[in-house]
Amino acid sequence: QMTESLGFDPATTASSLALFSAAQGASRVCTGIASELALKWELPWFCGCISAGGQGVPRPAFFLLASLVSALSHFVLAVSTSEVAFTLGVTLSGVAFGMVWPMLVLVTGEVFGNRHVGANYMFFDGFSSAAGTLLLSKFVAQEVYDEHITENHGDEGAADGEENFQCIGRGCFAMSHMIVSILSLTCIVSSYFLIRATRNVYGQM
């Protein structure tokens, strides 16, 4: 629907999905390796606000990075008018997606212990996924899309006695992407507080 509303070549859909999958897969591997190495990094004094007990970078710092990438990706998608910009936004979104979920498993186990890691993880993953899907996909995106069908087509939507429910134009999804981008920026704040709250945990590693 996004590529269709922007008038892109239908092949852009398949290529974008492939790039998203490849980006999130590579991001999972690279983030896992980088987060392990970062625990031993020697940081300069001015990085003390994110250091793990004086040295190293705690894993939750990668949530902060993922939030920045996510905010950027959805901003690019909100303003994209070319296939190159759209594909870049989708790829960056895959990078952010791949960073978050595997890291969430590790951080949950390290902070709360491995005894109930399954239940704890499913609270963070299951609840947030269900709530996000319901609120953002069902209500926000659908409402924005439906509003722009009316605006774009109105009386012109009827053709040969049938109503056209296709939305055309950047406005069909732009506001939805901007909302997700803003929400991603709020994750930067929560990620910072998580870094501060878990410094002692990662300072002992």
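Q: At what angle do helix α3 and helix α4 pack, and how far apart are their axes?
A: The model is a predicted one. In it, helix α3 (residues 61–79) and helix α4 (residues 83–112) pack at about 155°. Their axes lie 8 Å apart.

Q: Why is α3 called roughly antiparallel to α4?
A: Angles over 145 degrees count as roughly antiparallel. The angle here is about 155°. Therefore α3 is roughly antiparallel to α4.

Q: Which hand does the crossing of α3 and α4 have?
A: The crossing of α3 and α4 is left-handed.

Q: What makes Arg59 and Glu36 a salt bridge?
A: The cut-off is a side-chain nitrogen of Lys or Arg within 4 Å of a carboxyl oxygen of Asp or Glu. The closest N and O atoms of Arg59 and Glu36 are 2.7 Å apart, so the pair meets the rule. It links distant parts of the chain: Arg59 is in the loop between α2 and α3, and Glu36 is in helix α2, 23 residues apart.

Q: How do you know that Arg59 forms a salt bridge with Glu110?
A: Their closest N and O atoms are 2.8 Å apart. The limit is 4 Å, so this pair also qualifies. Glu110 sits in helix α4, 51 residues from Arg59. Salt bridges that share partners join Glu36, Arg59 and Glu110 into one network. By this rule the count comes to 2 salt bridges.

Q: Why is Arg59 called buried, while Glu36 and Glu110 are called partly exposed?
A: Buried means under 20% relative accessible area, exposed means over 50%, and partly exposed is in between. Arg59 has 4%, so it counts as buried. Glu36 has 45% and Glu110 has 22%. Both values fall in between, so both residues are partly exposed.

Q: What makes Val84 exposed?
A: Its relative accessible area is 69%. The cut-off is over 50%, so Val84 is exposed. Val84 is in helix α4. Its C-alpha atom is 9.5 Å from that of Thr12, 72 residues apart along the chain.

Q: What fraction of the protein is buried?
A: Buried residues make up 34% of the 205 residues.

How values were computed. Residues are numbered from 1 along each chain as its sequence is written. This is a predicted model: local features need pLDDT of at least 70, side-chain atom pairs count only at pLDDT 80 or more; totals for chains, interfaces and linings use all residues. Side-chain values use heavy atoms; hydrogens and water are left out. Axes are lines fitted to C-alpha atoms, for helices over the stretch in contact, and angles run from 0 to 180 degrees between N-to-C directions. Helices (H or I, at least four residues) and strands (E, at least two) are DSSP runs, numbered from the N terminus. Angles under 35 degrees count as roughly parallel, over 145 as roughly antiparallel, 65 to 115 as roughly perpendicular and the rest as oblique. A crossing is left-handed if the near helix is turned anticlockwise from the far one by less than a right angle, and right-handed if clockwise. Buried means under 20% relative accessible area, exposed over 50%, partly exposed in between (1.4 Å probe, protein chains only).
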